[in-house]
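Hi everyone, thanks for making the time. I'd like to walk you through one model today, so please have the viewer open and follow along as I talk.

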Amino acid sequence: FLSPRGWPERFVDLAWTLMIRNAAHDSICACSVDDVVDAVLHRYAEARHIGEGLAEQALAAVGRSMADPGPVVVNSWTPDRSGMVEVVVPANGPPGTDVQVLTERTGLPGSMTLDGGTVLTMLGLLQGARIGDDSYVTDVSLAEDDTGLDITIVIGTEARDGVPVEEVKRELYTRLTARPDTEVRLVLDQPPVRRILARQHDVPAFGWSRFSPAPLAHPARVADGAAGDSGAVTLTNGLVTVVIDPTDGTFALDGVPGYGQLVDGGDHGDTYNYSPPQRDSVVDTPDSVSITVDDRGPVRSTATIDATYTWPDRVDEDTKARVGAHQVHVATTLELRADESVVRVSTSFVNPSRDHRLRVHLPLPRPAASSHAECAFTVVERGLVAEGRDDEIGIPTFPSHRFVCAGGLTVVHQGLLEYELVDLEDEAAAQASGDGAGRGGAGPRATTLALTLLRATGMLSRLGMSLRPLPAGPMTAVEGPQLLGSVHVRYALAVGEVDPYRMATDV
């Protein structure tokens, strides 16, 4: 979106250099001491900030190229695509049936008479033309007559070049210095605006289009539970339906219950491998649950599940048992958008506990004997077992890059690198239920995908683990991998035949 002469070669070279420096064998997988990991995270942050800065410059260039003011939607990916956008528009007339109003601000026409010192203080707070995310000074003027000074400030939703904010501030200071007792009349002209959600028409690949709300073929909506159904909350758009169970905080997806069950177990492993403690205790049921509806549509419907759990504090080194207790509040927000068959999930909590692994269980629409997951170079198919050896027991907990598919379920995720197919159904049970007819001895199948949301450990490597008796690296205590503090993870679910690459791009 920039001219060839504006290609940011030095910035791009620096960002890629930072990424490459993070690709060292033990750095990239965080099997390092805290100082090394902190340096890796810092390099990633620098690379990300460079990318964000270049993106802002490119978007500004697109905006400046428009002949007329108004929002422009940019598609930075290869396929033509539509999707939800959030935009600030003038509040002229009713908002329309195909948009969702998030906030609305009334206009501020009018004037006030102030002393010179107050006006100078107020204008001193203006650092350039930008006031906020959706407010810019689009014009400012200064006039003087025998009765005093008149300042007019026009505020709009679009940035404009050449607004003389600093010039007017300097001129006002000069005039008030010469006439400190002069009367100042300030006129603020700010039109009413709305921040809205809408579904944008298709935008060309690597291209842009004017903001144009599309009609909603499948609007998102919320149905609150009544006494007869125990207070369940339903999100639906005609393509997919989510029903939240208020008793345990799980949700049903198109009639299949049990999604979103959080299972917390002990982990006496290290930064290389998970290892269950000798005396484990598993927490898979919340102490209490409440549900709050946040957005009611029609573009986006969301509900938040607030659940309280009691998690153990740590694994005791002497008894190898989980000890202590913490009350933990976990907030999980489910989001459904108009005209999409994807359910977005966001889970946040403050982790107070050490030596544990938290996974979310996601039922498979049909039992599966294998999974397909994107990895570094290709999509890899894996079965239900992992290779091992005498000094390391194989654990069928596998990595994925952006997505994993199994049993008619596709999960795309950001930053979550580990999954496992669990809850195995043996062939005899499948035959008894009538589901295994014709399988011909195909063996067990899994009914659930477990996605790891958190692994907390305090050792770089450890001796005598239950699944790997010998150390894989230096036996060094580390604090960072305990991941104490705020945790925020995101993933999304879709049932049926979907293009996982397209789904990952859109989400």
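Leu123, Leu126, Val137, Val140, Ile153, Val165, Val168 and Lys169 line the second largest cavity in this predicted model. By cavity I mean, on a 1 Å grid over the protein atoms alone, a set of points where a 1.4 Å probe fits but cannot get out, and lining residues have an atom within 4 Å of a point. Its volume is about 40 Å³, where a volume is the space filled by probe spheres set on the points, and grid points are joined across faces, edges and corners. Which elements give two or more residues to this lining? They are β6 (135-145) and α5 (165-178), and α5 gives the most, with three residues. For those labels, helices (H or I, at least four residues) and strands (E, at least two) are DSSP runs, numbered from the N terminus. The lining of this second largest cavity divides into seven nonpolar residues, no polar ones and one charged. In that scheme Ala, Val, Leu, Ile, Met, Phe, Trp, Tyr, Cys and Pro are nonpolar, Asp, Glu, Lys and Arg are charged, and the others, Gly among them, are polar.

A quick word on conventions. Residues are numbered from 1 along each chain as its sequence is written, and side-chain values use heavy atoms, with hydrogens and water left out. The model is predicted, so to speak of local features we need pLDDT of at least 70, and side-chain atom pairs count only at pLDDT 80 or more, while totals for chains, interfaces and linings use all residues.

Now the other cavity. By class, we find five nonpolar, four polar and one charged.

Nine strands form an open sheet in the order β17-β18-β21-β22-β30-β27-β26-β24-β25, with antiparallel pairing. Two strands pair if DSSP finds at least two bridges between them. At the edges are β17 (288-296) and β25 (379-382), each of which pairs on one side only. From one strand to the next, the twist averages 20°; axes are lines fitted to C-alpha atoms, for helices over the stretch in contact, and angles run from 0 to 180 degrees between N-to-C directions. Further along, β24 (residues 371-374) and β26 (residues 403-406) run antiparallel and are joined by two bridges. Ala373 has Val404 in β26 as its bridge partner.

Next, the rings. There are five aromatic pairs, where rings of Phe, Tyr and Trp (its six-membered ring) pair if their centres lie within 6.5 Å; planes under 30 degrees apart count as stacked, over 60 as edge-to-face and the rest as tilted. Tyr309 and Trp311 have ring centres 6.4 Å apart and planes at 40°, so this pair is tilted. Both residues are buried, which is to say under 20% relative accessible area, with exposed being over 50% and partly exposed in between (1.4 Å probe, protein chains only). Ring pairs also link Tyr309, Trp311 and Phe349 into a cluster.

What about Phe403 and Tyr501? They form an edge-to-face pair, 5.0 Å centre to centre with 80° between the planes. The pair links distant parts of the chain, with Phe403 in strand β26 and Tyr501 in helix α7, 98 residues apart. Phe403 is buried, at 1% relative accessible area, whereas Tyr501 counts as partly exposed at 35%.

Nine bridges pair β2 with β9, and Gly83 has Gln200 in β9 as its bridge partner.

To set all that in context, the chain has seven helices and 30 strands, and buried residues make up 43% of its 507 residues. Thanks, and I'm happy to look at any of these spots with you.

How values were computed:
1 Å grid on protein atoms, 1.4 Å probe; cavity = no way out; pocket = protein on both sides within 12 Å on 5 of 7 lines; lining within 4 Å.
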